[in-house]
Structure formats: C-alpha cells, structure tokens
Amino acid sequence: MNISHKHKTIWWAPERCGTKATAHIFNHFDFEYQGVSGNKDLPKSAQYQSHVLTLPTNEYSDYKVICSIRNPYDRMLGIFLYFVSSGKSSVYFKDKHNLMVDNFTIFINELFSYKEIKPKFGIESKRNKVILDSYISKYNFDVTIPFNFIRMENIIEDISKIDFIKESALLSSGYIDNFLSKNNYINSRPYKFNSLYTMETAKKVYEYHKQFFLILGYDPFSFTTEELTNEEKMRFLHEII
C-alpha cells in the first residue's frame, strides 16, 4: 500500500499507468510503501510503488484516495508490450506494423476470451486467466471513487492540482514539470495504441472497461484515428450493450 500519513492520502498505482514517474514525485511528499520485504516499509529513497490497491480501512477512513489511470486502450498496449518484453526497447519499423497488429490482436482475443473453470469437489471456481485478475481488474470504483485521478496522458496537470503539491516549493521550482516532461517512458513510445486496434478488439476492451470509460471520461472511440460515422458509433456501442 502507498500511503502518506502526513497528507492522509492513499495512492492507488495500477501497473502501466506512469506509476514509476509518479512514485519519484511522491517520494518527496512523505509517502511510505508498505507491505513489501516482510511487511516492512522500504526507505523512501527506494522509490518503490506498490501495485496493490488497498481500500481504506476503519483506521484510515478519513484518508483520501488518489488513483493513477490511463486510457484503457492504451494501457492494454502497455501490458502487451510488458509481457512480450518489448516496452521501451521496441523500435518502430513501418514494414512490421501489420505483424504488430496481428500479435496484439491475438493477445487481446485470448486475454478477454476466458472461461470459468467449473468447480469440482466443492472447490470454488477460479478464472483461468490470471492476468485479468492480477493486472487488469485492479481498481474497483463500486466501493469508493478516488478523490483525485492522475491521468497518464495529463500527468503534469493532474499532479499539479493535488492539494499537497499545488502550493509546494517542488512544483514552483519547475522540478516536477521538468522531470515529467523529459520522462522517456511517458513521452516516447514507439507504437500508438490508436493504430493497432481493430473494431473487434476495441469492443472487447471497451466492454470489459465500460465502467471506467464512463467514470473517467475517456472517449470510447479513441481506439482509432479514423473518423467514424454516427452509424458506426451506434453499432459499436449497441453491440456491447
């Protein structure tokens, strides 16, 4: 759990949402990263961020929750690149773009085509897709909606609006803007997510993340750079509903 007792804040940090860069900033604002290394706190200099999304307990009922987020279409690409060990080392080659589309399509189709394993001998059934539970179904807004969201696409703006940061010397010094604007992971990626989706893979991602699109305000049609007709948009949403 990522927590600052000084600022009474819990930070949710799902994977592939710019959390390493955010952790570097939060490291200057008395955050502790609990539940690691034998349940002992790591020193703040370690700049570790826990990806476990812990709900506020009675002990921390008056703590605010901040959540790092990212357009679900883009985050699925980030998770794909992570699992194929590409990530920042990926190099864009125009003649290999179609191969990238094909591989990404296979990944999305397999990821969201899970089946429930039938229980045997009274044992509770479990999904046969661990990735869904461990990486994708991370945050749940049914229990609590965070007080602040840090959108990876607007990370400088959103971090600058947080109460304990907006009046800080670190922000006014220009350090936060300079550090985040030069962060290669956030600002330099070889593949654009809106060039890799097909209509069918986009439907799978949107259907699974529909709650997050509605709450977070991401455009359900941002998976493509093409101008969709109203009929195409209606068909896309209707087939999911």
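**Exercises on a predicted model**

Asp 30 has a relative accessible area of 27% and is therefore partly exposed (buried means under 20% relative accessible area, exposed over 50%, partly exposed in between, with a 1.4 Å probe and protein chains only). The structure is a predicted model, in which local features need pLDDT of at least 70, side-chain atom pairs count only at pLDDT 80 or more, and totals for chains, interfaces and linings use all residues. Residues are numbered from 1 along each chain as its sequence is written, and side-chain values use heavy atoms, with hydrogens and water left out.

**Exercise 1.** Determine which strands pair with S4, and whether S4 is enclosed or open.

*Solution.* Step one: strand S2 (residues 9-12) pairs with S4 in the parallel sense over four bridges; two strands pair if DSSP finds at least two bridges between them. Within this pairing, Thr 9 has Lys 64 of S4 as its bridge partner. Step two: S4 also pairs with strand S5 (residues 148-151), in the parallel sense and over four bridges. Here Ser 68 stands opposite Ile 150 in S5. Step three: five of the six residues of S4 (residues 64-69) are buried, so the strand is largely enclosed by the rest of the structure.

**Exercise 2.** Describe how H2 meets H3.

*Solution.* Step one: the axes of H2 and H3 come within 11 Å and cross at roughly 100°; axes are lines fitted to C-alpha atoms, for helices over the stretch in contact, and angles run from 0 to 180 degrees between N-to-C directions. Step two: H2 is therefore roughly perpendicular to H3 (65 to 115 degrees). Step three: H2 contributes Met 76, Leu 77, Ile 79, Phe 80 and Leu 81 to the contact, and H3 contributes Met 100, Asn 103, Phe 104, Phe 107, Ile 108 and Leu 111; contact means heavy atoms within 4.5 Å.

Methods. Helix = DSSP H or I, 4+ residues; strand = E, 2+ residues; numbered from the N terminus. Parallel < 35°, antiparallel > 145°, perpendicular 65-115°, else oblique.
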